[in-house]
Amino acid sequence: MRISLTVNGMREGEDVEPRLLLVHFLRERLGLTGTNVGCDTTSCGACTVLLDGESVKSCTVLAVQADGTEVTTIEGVSGDGELNPLQAALQRHHGLQCGYCTPGMVMAATSLLRENPDPTEDEVRLGLEGNLCRCTGYQGIVDAVLEAARGSAR
Ligand code: FES
Ligand code: FES
């Protein structure tokens with residue numbers, strides 16, 4: 001099937017098998033390997049991207065379901081090679097260890113902060129509950145999201 005979508009601001013048109021998952025389309029067809037695969041049970045969130053601004057687990061979406069949409073991956077969240085404020089806060093708070101979960105965390109937190117620009121700690125924890133960190137670095141991640149929220153609220 002022919003699909004046409006916008007990924008990180010670029011129009012993409014590709015022929016895909018109907019069974020192809022969005023995460024595999026992004027990684028293997030477009031070379032956007034920042035979106036990770038961390039499980040086969042839809043539980044880890046390492047594959048989180050924004051689909052028309054909403055966070056989704058791209059391992060549970062078929063590429064054909066993304067036809068006509070706008071997708072943002074971790075490669076599209078900042079410009080000119082600079083960290084965006086959320087990414088910089090994650091770095092400051094040591095909100096990553098191996099980094100495998102980090103792209104998904106950034107995308108989920110981006111969506112969370114768009115919906116709720118001034119979350120409480122509990123709301124951050126609830127908002128990120130679909131994203132697992134095997135290194136268990138949750139406190140730094142939560143602190144970073146709260147700091148990013150405070151910065152954008154200034
Ligand atoms: S790879 Fe998508 S939830 Fe784990
Ligand atoms: S930093 Fe290693 S999985 Fe989260």
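This note walks through a predicted model point by point.

1. **Salt bridges overall.** Start with the charged pairs. How many salt bridges does the structure hold? The structure holds 5. Side chains of opposite charge can pair when their charged atoms come close. Three of these pairs are taken up in the next points.

2. **R2 and D15.** These two side chains form a salt bridge, at 3.5 Å from N to O. R2 sits in strand β1, residues 2-7, and D15 sits in strand β2, residues 10-15, so the bridge ties together parts that are 13 residues apart in sequence. R2 is exposed, at 55% relative accessible area. D15 is partly exposed, at 48%. Why does D15 not count as exposed?

3. **R29 and E14.** A salt bridge joins the side chains of R29 and E14, with 3.0 Å from N to O. R29 belongs to helix α1 and E14 to strand β2, and the two are 15 residues apart, so this pair links distant parts of the chain. E14 is buried, at 19%. The cut-off for buried is under 20%, so E14 falls within it.

4. **R92 and E147.** Here the side chains meet at 2.4 Å, N to O. Which elements does this bridge tie together? R92 lies in helix α2, residues 85-92, and E147 lies in helix α5, residues 138-153. The pair therefore ties together parts that are 55 residues apart in sequence. R92 is exposed, with 52% relative accessibility.

5. **A negative patch.** Which residues form the negative surface patch? The patch is made of D52, E54, E70 and E115. E115 lies in helix α3, which covers residues 102-115. E115 is exposed, with a relative accessible area of 56%. D52 is exposed as well, at 52% relative accessibility. Its place is the loop between β3 and β4, and β4 covers residues 54-57.

6. **Helix α3.** This helix has 14 residues. From its first C-alpha to its last it reaches 20 Å, close to the 20 Å expected at 1.5 Å a residue. Is α3 mostly covered or mostly open? Mostly covered: 12 of its 14 residues are buried. Among the buried ones are T102, M105, A109 and L113. The exposed E115 belongs to this helix too. An α-helix has 3.6 residues a turn, so residues three or four places apart point the same way.

7. **I141 and A109.** I141 lies in helix α5. I141 is buried, with a relative accessible area of 3%. How far is the C-alpha of I141 from that of A109? The two C-alpha atoms are separated by 9.4 Å, while the residues are 32 apart along the chain. A109 is one of the buried residues of α3.

8. **Two positive phi angles.** Most residues other than glycine have a negative phi. N8 has a positive phi, near 50°, and is not a glycine. Where is N8? N8 is in the loop between β1 and β2. N8 is partly exposed, with 25% relative accessible area. D52, already met in the negative patch, has a positive phi of about 50°. D52 is not a glycine either.

9. **Two buried loop glycines.** G34 is in the loop between α1, residues 22-29, and β3, residues 48-51. G34 is buried, at 16% relative accessibility. G34 and G76 are 42 residues apart in sequence, and their C-alpha atoms are 10 Å apart in space. G99 is in the loop between α2 and α3. G99 is buried, with a relative accessible area of 19%. Between G99 and V56 there are 19 Å from C-alpha to C-alpha, and the two residues are 43 apart in sequence.

Definitions and conventions: Residues numbered from 1 in each chain as written. Chains lettered and ligands numbered in written order. Predicted model: local features only at pLDDT ≥ 70, side-chain atom pairs only at ≥ 80, totals over all residues. Heavy atoms only, no water. Patch = residues over 30% accessible without salt bridge, like charges linked within 9 Å, V, L, I, M, F, W, Y side chains within 5 Å. Areas by Shrake-Rupley, 256 points an atom, 1.4 Å probe, with all protein chains shown as cover. Salt bridge = Lys/Arg side-chain N within 4 Å of Asp/Glu carboxyl O. Lys, Arg positive; Asp, Glu negative; His and termini not counted. Charge placed at Lys NZ, Arg CZ, Asp CG, Glu CD. Helix = DSSP H or I, 4+ residues; strand = E, 2+ residues; numbered from the N terminus. Buried < 20%, exposed > 50% of the residue type's maximum accessible area, 1.4 Å probe, protein only. Expected span 1.5 Å × (residues − 1).
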